[in-house]
Amino acid sequence: MTGHARVECFKTVTKESGGLVAVHIFFPEDLRDLITRSLVGDREAAMLVPLVRQGAKQIRSAPRKTPALCGCCPRPIRTNFALAIILPERSDPSQGFAIGLCAKCTEDDKNRAHQKAAEALRGVWPGAQSIVVTHPGGGHA
Ligand SMILES: [Zn+2]
């Protein structure tokens with residue numbers, strides 16, 4: 001995503017959300033579960049799948065010279081990363097965006113990843129007034 005496209009994206013999300021957004025954290029191994037949920041009719045999952053896929057694809061296919069960077073620190077990310085998907089907190093958001101987080105920042109820990117995503121979000125998007133942390137799937141039994 002270019003800087004300009006990102007700003008437009010923030011604008012749409014800000015307009016739809018009034019600054020209130022939901023943050024979903026996904027590690028690569030969560031995608032299968034998410035797809036399963038979308039296939040059984042989970043609307044939220046169905047909305048998240050393309051964002052996760054697109055975000056992961058953008059990071060993995062970034063040119064070597066200009067790799068994707070972690071949302072929280074200057075480290076380049078390519079393979080081992082978590083994705084924070086930001087969606088307006090409403091029932092029918094039309095747009096969302098993804099922030100990549102490096103393994104050092106998340107330490108494979110969802111709560112830590114949420115914290116880091118919130119930090120990254122405040123850094124890049126001053127329009128975010130309030131951030132709702134959501135835990136898709138909840139605790140696995
Ligand atoms: Zn990082």
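L101 counts as buried because 27 C-beta neighbours lie inside 10 Å. Here a residue is buried if 20 or more other C-beta atoms lie within 10 Å of its own, exposed if 12 or fewer, and partly exposed in between, with C-beta atoms placed from the backbone. This is a predicted model, in which local features need pLDDT of at least 70 and side-chain atom pairs count only at pLDDT 80 or more, while totals for chains, interfaces and linings use all residues. Residues are numbered from 1 along each chain as its sequence is written.

Leaving out residues up to four places away in sequence, L101 touches C70, G71, C72, F81, A82, A84, T106, A113, K116 and A117. Touching, or being in contact, means that two C-beta atoms, placed from the backbone, lie within 7 Å. The C-alpha atoms of L101 and L69 are separated by 7.9 Å, although these residues are 32 apart along the chain.

Now for the surroundings of L101. In soluble globular proteins, nonpolar side chains tend to be buried together. A nonpolar core is a set of buried Ala, Val, Leu, Ile, Met, Phe, Trp, Tyr and Cys residues joined through C-beta atoms within 7 Å. The largest such core has 32 residues, and L101 is among those that touch the most other members, together with L83, A84, I85, I86, I99 and A117. Two or more residues come from each of β1 (20-26), α3 (43-60), β4 (81-88), β5 (97-102) and α5 (110-124). Strand β4 gives the largest share, seven residues.

In α3, A45, L48, V52, G55 and I59 are buried. An α-helix has 3.6 residues a turn, so residues three or four places apart point the same way. The buried residues of α3 pack against β1, α2 (31-39), β2 (68-69), β3 (76-77), β4 and β5.

E107 is exposed, with 11 other C-beta atoms within 10 Å, and D108 is exposed with 10.

Note on methods:
Helix = DSSP H or I, 4+ residues; strand = E, 2+ residues; numbered from the N terminus.
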